[in-house]
Amino acid sequence: MLSSLGSAGGKSAKPSFVSYVTPEEIKSEKEPSRKEKHPDLLPGEVVFCSASTVLKYTQDDLSQRGVFGALLCTNFRVSFVSDEAPTEETGQLFKNKLYGENDIPLSCVDNIYGGYEDKKKLITGGLVKNKYPSKMIIHCKDLRVFQFSLSFSKEEDAKKIFQGIVHHCLEPKSLRCLFAFSYCENTSYPEVQRKKQTVMFDSVEDWIQDMKRTKGNCRVVSENSNFELSPKLPQFFIVPSNVSDEDLTKYQGKGLPMWCWSHHSGCALFKTASIPLVQEDNVPQTYMEKMLTAVAHNHLYSVKTEDLSDTLPAVQDILLSYNKFKQFFLIDNTTEFWMSDMKWFSSLDNCGWLDIIRQCLQKAVEVVECLEKENTNVLIMEEGGSDLCCVVSSLVQLMLDPYYRTLLGFQSLVQKEWVAGGHAFLDRSNHLHLKDKAESQSPVFLLFLECVWQLQQQHGPAFQFSETYLTVLSDSVHVPVFTTFLFNNDSHRDNILRAESPHTQRSPLNCPTVWDWSVQFDCKAQDLFTNPLYSEKPKQDTSVRKSYRPKHLRQLSLPSSAFKTPPKKGFFKDEADNLKKILGVKRLSRWMLSPSSESPQTSSSVREFYEAWQTKPLDYHGLLLPCLDGPSIRVWMQRYLRWIHDVQILGGGPVAMLSKVSEILGEVQELQRQLDRHGCTLTSNHKGARPRAKTASVIAARSSVRLSSSFPFVTSRNWLFKPAIPTSLLQSLMVTGMAGNLADREDDGGGPESLV
């Protein structure tokens, strides 16, 4: 069959040109070029739908400029493949092996908006039956914003790709549909040296090792190895020695004090899921009195309790605050960003997100004061025991224990307090978009990382890991590959992986954890996870002064006020009577009464504790306390502003400082090697710092890249250098006469409480 291709607007009866090529032949010639546009698929990845001639807009001043390419949706990601041939100059330096800069993991999609005749409308699953917008805007959970025009694609392809993306990103699904299972079934993932690196806390030995490291004196429980006690409890955990086997079986683990960490003085931190106390029934209260007594017996018959549900925001309040906060960084175009600049600081403060961070840090300092200054056992609790308890207990250990400020120590801390501790990662992230789980969604783990970032910014040399590491970890929560963030607890993970294993009789399905960073990054990229300013603990030379036994470093931060046993026989009897008085009158009342009445006194005590610590010489391997005053709580600039080009500091920012320090460090280490070759004797303390020169070599090798404050996530070699304020906005300011006094105007709403 012949097809004529005449002029589209002409009315001539006879065509002037006749084609002897059939449409089928034309389609077959174009098909290979379309296949070449597909990205490199991962093992187990399948393409669901695609559309060609899609325009991806740039984030410019309301411009319609962009790049044409193909838009695809797979069982792992939404991917845009540009028609432009990639060059070496446009290659991504900090490249993720799983997804690229134009890829969006399905679990990372936050919201989808449709552009209908210059109107932006939020898309839900029920609005995509027969219509599709001319423009699709995707907001990501890592705060990227993608805008695609479907006007140039074929109508059928545009409809399929739009409906496919909405269906696979927003519609409810089963856990089995997540990409992790398809990926692991098609990947031979060996058991690498995880045991020698991050402590996974999936065995009795791991818990015993951690308790011995902190010199704890508690009891390891292994009766729940098959989750016979409770599916909500870890397989292995530690409780006070006075907790009996009968106590373990009551209330499905609620009210059971779980050991977190032991102070060098002997007191310890515990957490638990609180039991609702019914006035008609005294059994739960009697049980809690028994558990408090067991905690008190751990050290000097002293215990303090703190119900975090009464003193910190609820998980839903955390979600509402963060949803308001993140909107200021999800920028569709630069004009929109600059229009919000006048009220930016005051608007951020009104969201309450930074204040929630401050509250969590302050609560952690209160607990640290009880452990460090008063040498008192502390039991923190909340309704589930796996949200705010995880935040506070982890922060307390970071402040007190320098081991958890190392890279491997921090990963072990997350494994212990969050993964083994039963934090419901699946429900809190709502990867499955289940309607009945919508109320459970909350960025609790991100809140913890925010608090860690605040500590890291104030005490940089105390942390071995870098800001980039924390940012990548926050992004990895939304990559549906790692078992770390896919399940609600140990029992949930064990049941699912065994059920989905192709070799069920032999072993469960073997999936990577997020700590196996080689799955995402090569060795050079992982070098950026290390802080070049980290102050390593000096090794003591025992050959010089063998008789000298220094105090524990953490004890040097404050004068110890530990109870000392008086030289009298009636000590234990007196302490037992004192325990009964404390437990019967003062402490148990806090289970039923809000401690808000004590807040002024508590705040004053915390300030005195902080000021006393500040007067001591700073020890990066001892106690660390955060400054909580006003501007000290800052915006996590790298995470929130890395995708907004106009706010980047070209050639500056923290990364420029780290780059310079790394270069100097590399030069110093080269001089050390030259001295070694000349036979000079150097102390062994210098050898531990040498691996950090990799960071310097990595950045030095990238001389063709102009560093910016958003490095390594965005490089400036492809950016257009244009005026800071968009032209259209600048013109409007000139017309209204606002440009002249723009710098003199104060931020609406008063002085900012927090600074970037």
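Reply: Phenylalanine 201 counts as buried in this predicted model, because its relative accessibility is 4% and the cut-off for buried is under 20%. Phenylalanine 201 sits in a loop, with α3 (179-185) on one side and α4 (204-213) on the other. Its phi is positive, about 55 degrees, although the residue is not a glycine.

Tyrosine 251 also has a positive phi without being a glycine, in this case near 60 degrees. Tyrosine 251 belongs to the loop between α5 and β13. With a relative accessible area of 30%, tyrosine 251 is partly exposed.

Glutamine 252 is found in the loop that runs between α5 (245-248) and β13 (258-262). Glutamine 252 is partly exposed, at a relative accessible area of 45%. Neighbours within four places in sequence aside, Leu229, Ser230 and Pro231 are in contact with glutamine 252. The C-alpha atom of lysine 232 is 7.4 Å from that of glutamine 252, the two residues being 20 apart along the chain.

Another backbone feature concerns a peptide bond. The bond from phenylalanine 711 to proline 712 is cis, and its omega is near 10 degrees. Proline 712 is placed in the loop between α23 (693-700) and α24 (727-736).

Histidine 139 is part of strand β9, which covers residues 135-140. Histidine 139 counts as buried, with 3% relative accessibility. Leaving out neighbours within four places in sequence, the contacts of histidine 139 include Cys108, Val109, Asp110, Asn111 and Tyr113. Lys120, Arg144, Val145, Leu330 and Asp332 are also among the residues in contact with histidine 139.

Helix packing can be followed from α13. Two packed helices are described by the angle between their axes and the distance between the axes. Helix α13 (residues 407-419) packs with helix α16 (residues 467-476) at an angle of about 30 degrees, and their axes are 12 Å apart. That angle makes α13 roughly parallel to α16. The crossing of α13 past α16 is right-handed. On the α13 side, Leu407, Phe410 and Gln411 make the contact, and on the α16 side Tyr469, Leu470 and Leu473 do. By class, this contact of α13 with α16 has five nonpolar residues, one polar residue and no charged ones.

Helix α13 also packs with helix α15 (residues 444-458), at an angle of about 145 degrees and with the axes 13 Å apart. The crossing of α13 past α15 is right-handed. Phe410, Val414 and Trp418 of α13 meet Val444, Phe445, Phe448, Leu449 and Val452 of α15 in this contact. By class, the contact of α13 with α15 has eight nonpolar residues, with no polar and no charged ones. Phe410 takes part in the contact with α16 and in the contact with α15.

As for the chain as a whole, the protein has 24 helices and 16 strands. The chain has 756 residues, of which 50% count as buried. Among contacts with a separation of 6 or more, 73% are between residues 24 or more positions apart. The protein chain exposes about 36,600 Å², and carbon and sulfur atoms supply 53% of that area.

Conventions: Residues are numbered from 1 along each chain as its sequence is written. This is a predicted model: local features need pLDDT of at least 70, side-chain atom pairs count only at pLDDT 80 or more; totals for chains, interfaces and linings use all residues. Side-chain values use heavy atoms; hydrogens and water are left out. Helices (H or I, at least four residues) and strands (E, at least two) are DSSP runs, numbered from the N terminus. Buried means under 20% relative accessible area, exposed over 50%, partly exposed in between (1.4 Å probe, protein chains only). Contact means heavy atoms within 4.5 Å. Accessible areas come from the Shrake-Rupley method with a 1.4 Å probe; for residues, only the protein chains shown count as cover. Axes are lines fitted to C-alpha atoms, for helices over the stretch in contact, and angles run from 0 to 180 degrees between N-to-C directions. Angles under 35 degrees count as roughly parallel, over 145 as roughly antiparallel, 65 to 115 as roughly perpendicular and the rest as oblique. A crossing is left-handed if the near helix is turned anticlockwise from the far one by less than a right angle, and right-handed if clockwise. Ala, Val, Leu, Ile, Met, Phe, Trp, Tyr, Cys and Pro count as nonpolar, Asp, Glu, Lys and Arg as charged, and the others, Gly among them, as polar.
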